[in-house]
Amino acid sequence: MKLIKTLLASTAALAFSTSAFATDLEVTHWWTSGGEAAAVAEFAKAFNEGGDKWVDGAIAGSGGVARPIIISRIIGGDPMGATQLNHGRQAEELVEAGLMLDLTDIAEKEGWKDVVNPVRLLNACTLDGKVYCVPVNIHSPQWIWLSHAAYEKAGVPVPANWSEYVASAPKLREAGVVPLAMGQQSWQTQLAFDTLLVAVGGTELFTNILSNKDAAAAGSAEATKVFDAFATARELAQGANVQDWNQATNMVITGKAGGQIMGDWAQGEFQVANQVAGKDYTCLPGLGVNDIIATGGDAFYFPKTDDPEITAAQKRMASSMIRKDVQVAFNLKKGSLPIRGDVDLSAANDCMKKGLKILAAGNVLPDGVNVLSADTAGQIQDLMSEFFNNTNITVADAQSRYVDIIKNAD
Amino acid sequence: MVQNQRPVQLFRNMSAKIAAIPMVLTAMVIFVGCSAWTIFHSFTKSKLLPTTKWVGLDQYERLWSQNRWLISIENLAIYGIFSLVFSLLIGFMLAALLDQKIRFENTFRTIFLYPFALSFIVTGLVWQWVLNPEFGIQKIVRDMGFETFTFDPLYNQEIVIYGVLFAGLWQGTGLIMCLMLAGLRGIDEDIWKAARVDGIPMWKTYLLIVIPMMRPVFITTLVIIAAGIVKVYDLVVAQTNGGPGIASEVPAKYVYDYMFRNQNLGQGFAASTMMLLTVLVVLIPWAYLEFGGKKKHV
């Protein structure tokens, strides 16, 4: 009897001592495809090792579906422990309203300024000298993924750039392959347009339009070329009736489609399907025309609470995400590039190495989501989606509406 | 017993009035109060969070210059008119057929009403699959040997809204049929007998006697259908998500997208105010005719 009592007492004491340190944190994110889920599990593992508990709150759909849910929960007074958002202007107003936890103390203690590369990613998390989010990876949308199986079927060599790719399209059609896989969601068509903007239009045009909001640049002849290329893409994508980006990637993996313009997160899907870069698929950053990538990415924000225990746990999670080993494990699974310049990525595959090389050379651009407000970005998405799905809209028409949006951008 | 003075009107049926207070308060605060708040903020520059920075009619000017809003309105008009006409027509026809004292009436009624038990989300997904060219109707007909048969409404700009309409009708007509059936059962048998004695053909009895007698049922039905039309949102989200492109957008989705995706509350509020205005434009003349005009007859 006495033994049982001591046992009970000691387990109770043990339970108490751990619970003083262990806190449940709900984490919301929209990483639900195979590769993404595997990557996010790495974060959960690292956080749980510290004795805390990661409560996964994945929201299926895409960022467009998840963001409203996340934001309305924060505004509505039911904040989660931590949440994924794309850093930049999406959370700007939430930070301004004082709804996000200030991470400046741990950022200074751990010297984030010195390890985060490019440092612009940390700047996107900073408002008035205070750090409000943890950047976790670098994603670049400017890639095209090509299926070797599809090109074998068509009997043409795998193209090395956009113009070769366009030239090879008729052969793919003859072989019964859809040249371009494209999901119907509007952010995907917008991504394709932005990618063409860099590849066909060039860096200067990209920054003039998106960063400087120069309406004249948006109406220029160079921009018309981009719209022409986008119209070509519209034809190439005829017959690709899929919704989600990973379904489109799957068309490339199975050889039903020749290629897909998609960010480097597509790589996680190839990895889950056990495909080897360079053998089963080829990736071309900047569509093989312009070796440059925009460095957007994901970041984690921590809504402010009054509970000091939760705040402490939030800070523990923040520092676990930026740790060297976690960064490597996470980014290898995710297919994205780590935000630290000082980690060893010898395990990285062919495509990631291409990305790292471009990053090291400093050929980087700010991402659209960093510089455009959600309002402007949403309008551009609507326009691109409408244009891409309605062949009655001419290039001139779409361009003039694009100029209008850029003119009124804020 | 002589009453010297009339009881004060305010205190008649006291308990009933007290019981109604919570609902009156709810209506005032939630409906009127929140509507007023929304309308006020539609004149401001509210982004993610509401502010009181006044911009006048800017939000409305922007709203009416948006292609997407115009397409949404057009879609709502098409969806509204057709769903009103067809659900009444089909609902009444089914009810009239069921009313012929047929066998297995219960079974048929259950079958027709069943889709109504499904939410719009499920309905939308089911019809998305049925209408998908890769494995829906088109595939089945092609497999039967008609190789060139094409039927892909959800991937065709021009007719996508009819695909949505079809799913909406499939889901909603069962309920309309039940309401109509209840109305038909409320008609006295003697009326039918009298009509038969007078030798009036059946279709004429329906059209000139029964339907006018069912006026209250029709009005209830009309309100239910109309409310469903204005707020159509989930069906579109599940079935097409506004696509292809923006060809099947509806006003409610515009409101949601601007409030939450684009983080522009002002614009979303302006759109929802326009929706409220549309409803009022329809509702006020109708309420006037229905309730204001009636007193003269009685």
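Two residues are in contact if their C-beta atoms, placed from the backbone, lie within 7 Å. By that rule, 19 residues of chain A are in contact with 19 residues of chain B. This is a predicted model: local features need pLDDT of at least 70, side-chain atom pairs count only at pLDDT 80 or more, and totals for chains, interfaces and linings use all residues. Residues are numbered from 1 along each chain as its sequence is written, while chains are lettered from A and ligands numbered from 1 in the order in which they are written.

**Where chain A touches chain B**

- Helices H3 (63–75), H4 (92–96) and H20 (374–389) of chain A each give two or more residues to the side that touches chain B. Helices (H or I, at least four residues) and strands (E, at least two) are DSSP runs, numbered from the N terminus.
- H20(A) gives the most to this side, with eight residues.
- The side of chain A that touches chain B has six nonpolar, eight polar and five charged residues. Ala, Val, Leu, Ile, Met, Phe, Trp, Tyr, Cys and Pro count as nonpolar, Asp, Glu, Lys and Arg as charged, and the others, Gly among them, as polar.

**Two domains in chain A**

- Chain A is divided into domain 1 (23–139 + 297–359) and domain 2 (143–295 + 365–407). The bounds come from an automatic or database domain assignment.
- Taken over C-alpha atoms, the centres of the two domains are 27 Å apart.
- In chain A, 28 residues of domain 1 are in contact with 25 residues of domain 2.
- On the domain 1 side, H18(A) gives the most, with five residues.

**Nonpolar cores**

- A nonpolar core is a set of buried Ala, Val, Leu, Ile, Met, Phe, Trp, Tyr and Cys residues joined through C-beta atoms within 7 Å. A residue is buried if 20 or more other C-beta atoms lie within 10 Å of its own, exposed if 12 or fewer, and partly exposed in between; C-beta atoms are placed from the backbone.
- The largest core has 158 residues, and A:Trp145 and A:Met321 are among those with the most contacts inside it.
- Helix H10 (residues 186–201) of chain A gives this core its largest share, nine residues.
- Beyond its neighbours within four places in sequence, A:Met321 is in contact with A:Phe43, A:Val134, A:Val136, A:Phe300 and A:Val326.

**Chain B**

- Chain B has 14 helices and zero strands.
- Its radius of gyration is 25 Å, well over the 19 Å that the globule rule gives for 298 residues, so chain B is more spread out than a compact globule. The radius is taken over C-alpha atoms, and the rule is 2.2 Å times the number of residues to the power 0.38.
- Buried residues make up 31% of the 298 residues in chain B.
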